[in-house]
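Please consult the sequence and the three-dimensional view while reading.

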Amino acid sequence: MISLSINGSSQSLGDIDPETPLLWALRDTLGLVGTKYGCGIAQCGACTVHLNGVPVRACQLQVGNLEGQEITTIEGVASEDGALHVLQEAWIEHDVPQCGYCQAGQIMSAAALLAANTKPSDEDINTAMAGNICRCGTYTRIVEAIHIAARKLDQGGTA
Amino acid sequence: MNNLQNGYNDPLDAFEPKQARQLSRREFIKLSGMGAGLALAVVSVPFSKSATAATDGVEYNLFIQINSDGVIRIYSPNPEVGQGIKTALPMVVAEELDANWSDVVIENSPIADEYGRQVAGGSRSVPTRWDELRAAGAGVRAMLIEAAAGEWSVPSSEVTTNQSMLIHAFSDRRISYGEVANLAGELSPPMVDSLTFKNPEEYRLLGTRITGTDNMALVTGKPIFGIDLQLPNMLYASYTKCPTIGGRVVKANLDEIKALPGVITAFVLEGTVGVTSFDPRGVSVAPGVAIVAESTWQSFKARDSLKIGWDTSEASSDSWSDYVEAAEELRGKEGAAVLLEQGTAAQVINDAATKVSSQYGFGFVSHAQLEPQSCVAHWRENMMEIWSTSQTQSEVRGSVAALLDMPKENVIAHQYRGGGGFGRRLDNDYVREAALIAQRVDAPVKLQWSREDDMAFDFFRVGGFYNMQASVDENGKLNAWNSHAICLSADGEKPNSGAGLRPMDFPREMLEHFKHTQTLLPSKTPTGPWRAPSSNSYAFVEQSFVHEMAVVAQRDHLEFLIESLGEPKWFKEGDSASLNTARAINVIKTVAERAGWGTKQQPVGRALGLSFYFCHAGYVAEVADVSVDKDKKITVHKVWMAVDVGPVLNLSAAENQCQGGVIDGISTLMGLEITMTKGRVDQSNFDEYPLLRISSRPKIDVHFVKSEYSPTGLGEPAFPPLAAAVCNAIYSVTGDRIRDLPIRKAGYTI
């Protein structure tokens, strides 16, 4: 019996195979499908979640190793009162998505960046976002939206 | 002679309307359910549109429902795969309805024959829907006006609308759409020829920036993609096919697999053929072994224990290196099959003092849409229900019905957002696999392809080669052109899907001497449409070669390109698929001006490159600002685009498509290539297929020229010009003419 702390609450995974990647436990067992499957080999970043605040690829983590760790997914990024994270607001307003499939992972990487660096430079963004592929090519808007979110944060926005 | 049609194969043409769309009244009635004979134009479809649809709403036609509380529900008919169509098409309806956009709720429409062509392909959604969606909106607006006029006992001509409100200015009365929704629903729908449409100057929505309707769901991780669907008691399936494309299953250790944790069952599908060929309406299914389990992971993990004996006697034995060798033997030669000849091109070039002969090549590429294929299917009492991300939704029911030999009425299809398409989801191969698997399982089942499945079993963008020869006269003017397409062909009669020369007008219509020949090389590797079929590779060839000619003619590229287009004219007046050189020259001049072409000295190691391409009714010119260092590392600093696709519907989404087209262009140009060895695809995942990363993005300046023509699609024309623009710039910096894609093969990195 494995249980994990996900988005601030304890979730039982039943008698799951401990080798199951977190990605599939989130999606199939818990129905948290915002975390996406893209490659399964940590190349695309579509499955990015936070493990104790650090962005990681959920396809590479086995649930058996995660007891007692804090996991945050895209579903847990907004605050509990429902207020969107400044990045989510910026993504919507700046109309970042095309197909949108990678964007949850992009936002998770960007959220970790903003948590550590509230005024990232383009270079900082390049480094932090290097692990996230966008096949549609929304990189221009991703960078712009991160800057917009950083400004919102500076003006008291929610992160 | 002109047999150019034999040299081009775009299966999507079969999905095109037979003629240009001037919506007839009969068609309108059929499509929109609005006709004199239909009192209350509620369209009957074989299943509920939406569980969440309000029950008090009036469905006026296939696209519009208005509730008494003022909510305007618009059904978006075509598949959304990132091109923004789910937002753009309802904008057209809402514009002519004169709806307040904040009252509008957008839902996917059902998949039903009444909706006609429910396809995302060929950049055809906008042009094929334009007339009917405007009529749908204007028609309901007219009904609302009539209802309000009746309510107020005033002539309809005195009632105006503004943002979901009906207004009688003389008496200063106002009433909302919602308040007369039911009354309007009792009226006879108007005739199409009686409708009044807005002048473009009156548009409030079209041409503005409207954010994507699904943005909130996307950024909060809501279930919205095909892969996200979960049904009660759903099972999960993997499907393992022969790594050598076209191999058949001889034996498999099914009993061992069935004993593995979580595995419900495992079985062989004989399949219908070995090698599948692109056909969205087809019934082909490749042989393989299905494993049905309690979770995706268990269905994947069980594959590690799978032992399958394959019969590869009829499988593909294609090797990319064989094609490279074959092309090398044909270098400098014409093809035996002459598809078009006017004048004496070969002779003129032979006699010319200034001429060029070059061979170009480009590899296979994968669609690599980020959401790997998945499909949910549920078999119940001779009914098959399908939830898919198909780009050809209107073909799903027929394809599955034909495969299962059952009436189309017994197949229900639902459309889900696709995580990227680029043409991969045009074929319904994975849908048919899911249907066959579901037929043998007593529960809904989700077939999930791995990334490795997706990369190995694509309908690839076909690789190929062109021998190009041309000459200029004593004035440095292009005077003869002789091209030879070396194409792969599955049937030995015509090029594979996406191969061959797209029968455009440039430059044959401008030249007295033009010849095009073709050689077909036998191939079994499945290919299909990939963003801007044929144009996605030929634009690189054509526009690089035009630059080569400008260079040997010692002419400015911009001047040479414009001159080669000849006098401004529309080759087939009224046909948007035909080149209009006035529009072409306009975007070329515009992009040159915005990029400062010829006005400034570039630093050492840095240059501008120019390119233009016309396809899918869209005109796109690009200038790329590129530097190359001594280690062949390139930097694309900035790309300027000038675009004419008629009036832009949604400026935000259109700009996004253009930016994406540039990124996709650089990604493909730099590093993307699929090769195969004796029938097996050599690449399996993104570590071997390096899509562009964020740090390599250029600045992108997108400019839409003001255009009086009808709106056309943008997803495809945004892609083709980039490769030549960058390669022409690289030539200008280094003198190295790149004639083979991707360019990492020549040692370039980004």
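## The two domains of chain A

In this predicted model, chain A is divided into two domains: domain 1 covers residues 3–76, and domain 2 covers residues 86–154. The C-alpha centres of domain 1 and domain 2 of chain A are 21 Å apart.

Contact between the two involves 14 residues of domain 1 of chain A and 12 residues of domain 2 of chain A. On the side of domain 1 of chain A that touches domain 2 of chain A, the elements that give two or more residues are β3 (48–51) and β4 (54–57) of chain A. The largest share of this side comes from β3(A), with three residues. By class, the residues on this side of domain 1 of chain A are seven nonpolar, six polar and one charged.

## Where chain B touches chain A

Contact between the two chains involves 47 residues of chain B and 46 residues of chain A. Three helices of chain B, namely α5 (215–220), α7 (296–301) and α16, each supply at least two residues of the side of chain B that touches chain A. Which of these elements gives the most to that side? The answer is α16(B), with seven residues.

The side of chain B that touches chain A includes 19 nonpolar and 20 polar residues, together with eight charged ones.

## Helices α16 and α17 of chain B

Helix α16 of chain B, which spans residues 651–671, also packs against helix α17 of chain B, residues 722–734. The angle between these two helices is about 60 degrees, and their axes are 8 Å apart. Because of this angle, α16(B) is oblique to α17(B). The crossing in which α16(B) passes α17(B) is right-handed.

From α16(B), the residues B:Gly661, B:Val662, B:Gly665, B:Ile666 and B:Leu669 take part in the contact. Their partners in α17(B) are B:Leu722, B:Ala723 and B:Val726. Sorted by class, the contact of α16(B) with α17(B) has six nonpolar and two polar residues, and no charged residues.

## Helices α3 and α4 of chain B

On the α3(B) side, the contact is made by B:Met143, B:Leu144, B:Ala147, B:Ala148 and B:Glu151. On the α4(B) side, B:Tyr177, B:Val180, B:Leu183 and B:Ala184 take part. The contact of α3(B) with α4(B) has eight nonpolar residues, no polar residues and one charged residue.

## A sheet of four strands in chain B

Chain B also contains an open sheet of four strands, in the order β22-β23-β24-β27, with mixed pairing. The edge strands of this sheet are β22 (606–615) and β27 (699–704) of chain B, each of which pairs on one side only. From one strand to the next, the twist averages 15 degrees.

Within this sheet, strand β24 of chain B (residues 634–644) runs parallel to β27(B), and six bridges join the two. Which residue in β27(B) stands opposite B:Ala642? The residue in that position is B:His703.

Methods: Residues are numbered from 1 along each chain as its sequence is written. Chains are lettered from A and ligands numbered from 1 in the order in which they are written. This is a predicted model: local features need pLDDT of at least 70, side-chain atom pairs count only at pLDDT 80 or more; totals for chains, interfaces and linings use all residues. Axes are lines fitted to C-alpha atoms, for helices over the stretch in contact, and angles run from 0 to 180 degrees between N-to-C directions. Angles under 35 degrees count as roughly parallel, over 145 as roughly antiparallel, 65 to 115 as roughly perpendicular and the rest as oblique. A crossing is left-handed if the near helix is turned anticlockwise from the far one by less than a right angle, and right-handed if clockwise. Two residues are in contact if their C-beta atoms, placed from the backbone, lie within 7 Å. Ala, Val, Leu, Ile, Met, Phe, Trp, Tyr, Cys and Pro count as nonpolar, Asp, Glu, Lys and Arg as charged, and the others, Gly among them, as polar. Two strands pair if DSSP finds at least two bridges between them. Domain bounds come from an automatic or database domain assignment.
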